[in-house]
Amino acid sequence: EGWQYIEALLYVGGDLVLLPLTTVVPLTPFGRAIDFFCSCISLGVFGWLLALLGSLPVCASSKRWLFRLTGQEEREESGPSPCSTLFSLGLFIAIIMPATCLACGL
């Protein structure tokens, strides 16, 4: 793209946190592909962080507190099966992400 190093760093950093930190954008197909790849990586990192935060003990105690507050009975929940998780991931990667890119004009 011919950007200065600081502009590229600000663009990728802003892309990771969903804030525009610079006015430069990728114009070439290769630059857009790299931008798309970095966006996918950042989506995975943020999803992992969200799962990590959700597994902290404070979230479990908050859940118990909310059940007591609402008077509902807390039930044991089983997680999704690995097959359904992989199917959902495949559906997201194969259909949702490309459709979003087409809608946004990538």
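The following questions and answers go through a predicted model of one chain.

Residues are numbered from 1 along each chain as its sequence is written, and side-chain values use heavy atoms, with hydrogens and water left out. Because the model is predicted, local features need pLDDT of at least 70 and side-chain atom pairs count only at pLDDT 80 or more, whereas totals for chains, interfaces and linings use all residues.

Student: Which pattern does the chain follow when read along the sequence?
Tutor: Helices (H or I, at least four residues) and strands (E, at least two) are taken as DSSP runs, numbered from the N terminus. The secondary structure comes to four helices and zero strands. Read along the sequence, the pattern is therefore α-α-α-α.

Student: What share of the 106 residues is buried?
Tutor: Buried means under 20% relative accessible area, exposed over 50%, and partly exposed in between, with a 1.4 Å probe and protein chains only. F67, found in helix α3 (residues 57-70), counts as buried because its relative accessibility is 13%. Over the chain, the buried share of the 106 residues is 10%.

Student: Which two residues form the aromatic pair, and how are their planes arranged?
Tutor: Rings of Phe, Tyr and Trp (its six-membered ring) pair if their centres lie within 6.5 Å, and planes under 30 degrees apart count as stacked, over 60 as edge-to-face and the rest as tilted. By this rule the count comes to one aromatic pair. With 5.5 Å centre to centre and 65° between the planes, W3 and Y11 are edge-to-face.

Student: Which helix gives the largest share of the lining of the largest pocket?
Tutor: A pocket is an open set of points on a 1 Å grid over the protein atoms alone, with protein on both sides within 12 Å along at least five of seven lines, and lining residues have an atom within 4 Å of a point. The largest pocket is lined by 21 residues, of which D15, F36, S39, T100 and C101 lie nearest its centre. The elements that give two or more residues to this lining are α1 (5-17), α2 (29-54) and α4 (82-104). The largest share, eight residues, comes from α2.

Student: Which residues does E1 contact, leaving aside its neighbours within four places in sequence?
Tutor: E1 lies in the segment before α1, and at 45% relative accessibility it counts as partly exposed. Its C-alpha atom is separated by 13 Å from that of V12, eleven residues apart along the chain. With contact meaning heavy atoms within 4.5 Å, the residues in contact with E1 are V25, P26, L27, T28 and G31.

How values were computed: On a 1 Å grid over the protein atoms alone, a cavity is a set of points where a 1.4 Å probe fits but cannot get out, and a pocket is an open set with protein on both sides within 12 Å along at least five of seven lines; lining residues have an atom within 4 Å of a point.
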